[in-house]
Amino acid sequence: MSAEATNPASPGAVTSSPKLAASLEQDGPPSPRRRTRPRIDLRRLGRAAFLGSATRDRLPDAIGHVAEAHRAHHPDADLEPLRRAYVLAETSHRGQMRKSGEPYITHPLAVTLILAELGAETTTLTASLLHDTVEDTDVTLDQVGEEFGAEVRYIVDGVTKLEKVDYGAAAEPETFRKMLVATGNDVRVMSIKLADRLHNMRTLGVMRPEKQERIAKVTRDVLIPLAERLGVQALKTELEDLVFAILHPEEYQHTRELIVDNASRADDPLAEIADEVRVVLRDSGIQAEVLIRPRHFVSLHRASRKRGRLRGSDFGRVLVLVNEDADCYGVLGELHTCMTPVVSEFKDFIAVPKFNLYQSLHTAVARADGQVAEVLIRTHQMHKAAEAGVIALGNPYAPPSEEQTDTDRARTDLDGDGERIDPTRPGWLSRLLDWQEAAPDPDTFWSTLREDLAQDREITVFRADGGSLGLPEGASCVDAAYAQYGEDAHACIGARVNGRLATLSTVLRDGDTVQLLMGQDPASEPSREWLEHAHTPVARIAIQRWLAAHPVHSDPADAPRTFGAPWEAEEATAEAARAAVDARSAQDDAASPDPAATAVVDQPGATVRLAGCCTPVPPDEVTGFAVRGGVVTVHRVECAGVAHMKSTGRAEVGVHWGDTTEARVTLVAESFGRPHLLADLTEAIALEGVAIVSATVEPPSQQRVRHTYTLQLPDAAHLPALMRAMRNVPGVYDVSRAQHHVAAP
């Protein structure tokens, strides 16, 4: 049978609920400040399953708790489908027992209760009651469909397929791929699977230790990350604690002792801070509910490792619930005005929600005694979504009511292919369904999925057009390119990060602005080196697909990109070779006395040379240094050569510009490779009345070309206009003053 469990009361059983209050209730003195809902007695549920009424006129006693929890979230819900589903499940499973000796029906009842308490809608609960019937009894999918409709049939089928998946190291990748993709079309399938695993983990106690450990590792590696990505924090945190208890029993026990010791304290700094928050909000006229949210075991363990000795305020967070989004920012303003804020702790997940639908404002306030309390501010609806994620968002396929807006109605329509659109499906799951189709083989899909699940933090970067991209922490510009453009990102040749030119290997940080620079060549190719910088499945799979489709093609990283036609590439390479000679001559010219120099130095009789490393021109701010032979070299003050000269002990010489306006300057133009680019740039320079002393064109690299020009300007004041004219040449994306590297002394 799919649900393996034992009696939670048996010796050696894992704590049935690692939530703070429940844990203290079982293993430590109860805290007068923390209350919890009484646990459900599975033995009583089992007896009720056999003895309770199952007539059409009365709801069976066994599902009374489910009905109560369901009506708390959905007061007008029709309970008849639940009654019929329970009757079918109980009849089908009758005579089957769990390994604990309990009637098997207690398992689907417990799973359904978990979902009902999280606010799942009726269709999900109906399917949950039936989720093991097709696998473990004689009930068929067709019978489920005839009795309960296509939606319930679809969900039960998905859960049944997931039950057949081996998530361990020896899992068959293609099997898992098919199963996960099948569930991805309806997130309610995975919701039931997560609740199913939670109940089994709660009742894992009398299994052999090695089997407990195996199940706990699978839960840690696959199901907990899935719960995180679906936003179901209530399930994720309890699963984390149950896994923690099995895989790290000593640390778990130490954390439990910390909780017990804190609960026995006479004072409670967190409660005192919560009272201060209540007073501030009451005086400001903001209607809010202020609660204390205890940390779960794993969160507290992480906090103790990070901070060392824990203070009383570290054992939980203050939670402020309001009615409207605007009230969240009103609360934030009042707290930061009337209390001492820890500004570095502020995060706005309302303006920029997390990838799993989570929204909240995070801040922290400090007291005079050094106690710091984290504060979470959100609306009641945000809180519901934070706890239950996709489970709390209802039936995505229900027909819209008359009260719904046109936008709401559109969300339930079919897409262009006639498939159902699921508005509750988070971006991560949508991306999974996209890149699994592109994966070249099942093994690649499986390994990439495991890597993706291991990424537990996401950053948000902003596009130049105002949009945003959600990427895993550590993602590079390569990942951003494929996230925005898909396989068209093969043509990406660079990026600007926060306005500055950056390589595609640049690692992005949360809040960065990224402008991706796309080449003009439709036959663009990705480099094998990009795989070293790709962290997202969509990027890695797209690059791998291209490389697999071009096995005999030389690596683009090892050969220059072409401008266009082959003869033009050869011409550019030859020109680059000839220009290399010109470059050396240009450097020699820059180091020799310039007849057009207009710099005047405060050293009579000295010969003036304008430095070739920065080619200063009026009205640049300049300084000079005396070198051998009575020569003074003139540099721009921001030139790297200035720091070098100072480090060698050379004394500065005062310099100012004379009346002559003629000047020589070296400019660097960076551009995309295209035919006739060199001719167009040369023409633009000539039209500005500027003479070209020398020019260097470096060999093309990944469709980018770098041009260096030494130019004679009739008037130095004309330099900004010249640089603008060069930037306006199609394909040129940057023009700057030359800044040559200066060797260390």
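Student: Let me begin with His-107: is this residue buried or exposed?

Tutor: Please keep in mind throughout that this is a predicted model. A residue counts as buried when its relative accessible area is under 20%, and His-107, with a relative accessible area of 0%, is therefore buried. His-107 belongs to helix 5, which covers residues 106-117, and its side chain makes a polar contact of 2.7 Å with the side chain of Asp-196.

Student: How much of the chain is buried?

Tutor: Of the 745 residues in the chain, 52% are buried. The chain has 27 helices and 21 strands, and if you take the contacts between residues at least 6 apart in sequence, 69% of them join residues at least 24 apart.

Student: When two helices pack together, what should I look at?

Tutor: Two packed helices are described by the angle between their axes and by the distance between those axes. Take helix 12, residues 209-229, and helix 13, residues 233-247, whose axes come within 9 Å and cross at roughly 155°. An angle over 145 degrees counts as roughly antiparallel, so helix 12 is roughly antiparallel to helix 13. The crossing of helix 12 with helix 13 is left-handed.

Student: Which residues make the contact between helix 12 and helix 13?

Tutor: Helix 12 contributes Gln-212, Glu-213, Ala-216, Lys-217, Thr-219, Arg-220, Ile-224, Ala-227 and Glu-228, while helix 13 contributes Gln-233, Lys-236, Leu-239, Glu-240, Val-243, Ile-246 and Leu-247. Sorted by class, the contact has seven nonpolar, three polar and six charged residues.

Student: How does helix 12 pack with helix 11?

Tutor: Helix 11, residues 187-202, packs with helix 12 at an angle of about 145°, and their axes are 11 Å apart. The crossing of helix 11 and helix 12 is left-handed. On the side of helix 11 you will find Met-190, Leu-194, Arg-197 and Met-201, and these meet Ile-215, Ala-216, Val-218, Thr-219, Leu-223, Leu-226 and Ala-227 in helix 12. By class, the residues in this contact of helix 11 with helix 12 are nine nonpolar, one polar and one charged.

Student: What is the angle between helix 6 and helix 9?

Tutor: Helix 6, residues 122-129, and helix 9, residues 150-163, pack at an angle of about 50°, with their axes 9 Å apart. Helix 6 and helix 9 are therefore oblique to each other, and helix 6 passes helix 9 in a right-handed crossing. The residues that meet are Thr-123, Thr-126 and Ala-127 from helix 6 and Glu-151, Val-152, Ile-155 and Val-156 from helix 9, a contact that divides into four nonpolar, two polar and one charged residues.

Student: Turning to the strands, which side chains make polar contacts with the side chain of Glu-374?

Tutor: Glu-374 sits in strand 6, residues 372-379. Its side chain makes a polar contact of 2.6 Å with the side chain of Arg-295, and a polar contact of 3.2 Å joins the side chains of Glu-374 and Arg-317. Leaving aside residues up to four places away in sequence, Glu-374 touches Arg-295, Arg-307, Arg-317, Val-318, Thr-363 and Ala-364.

Student: Where does Asp-734 lie, and is it buried or exposed?

Tutor: Asp-734 lies in strand 21, residues 732-737, and it is buried, with a relative accessible area of 19%. The C-alpha atoms of Asp-734 and Glu-670 are separated by 5.2 Å, although these residues are 64 apart along the chain.

Student: What is the phi of Asn-498?

Tutor: Asn-498 has a positive phi of about 55°, although it is not a glycine. Asn-498 is in the loop between strand 9 and strand 10, and it is partly exposed, with a relative accessible area of 43%.

Note on methods
Residues are numbered from 1 along each chain as its sequence is written. This is a predicted model: local features need pLDDT of at least 70, side-chain atom pairs count only at pLDDT 80 or more; totals for chains, interfaces and linings use all residues. Side-chain values use heavy atoms; hydrogens and water are left out. Axes are lines fitted to C-alpha atoms, for helices over the stretch in contact, and angles run from 0 to 180 degrees between N-to-C directions. Helices (H or I, at least four residues) and strands (E, at least two) are DSSP runs, numbered from the N terminus. Angles under 35 degrees count as roughly parallel, over 145 as roughly antiparallel, 65 to 115 as roughly perpendicular and the rest as oblique. A crossing is left-handed if the near helix is turned anticlockwise from the far one by less than a right angle, and right-handed if clockwise. Contact means heavy atoms within 4.5 Å. Ala, Val, Leu, Ile, Met, Phe, Trp, Tyr, Cys and Pro count as nonpolar, Asp, Glu, Lys and Arg as charged, and the others, Gly among them, as polar. Buried means under 20% relative accessible area, exposed over 50%, partly exposed in between (1.4 Å probe, protein chains only). A polar contact is a pair of N or O atoms within 3.5 Å; within protein, one must be able to donate a hydrogen and the other to accept it, and residues adjacent in sequence count only if both atoms are side-chain atoms.
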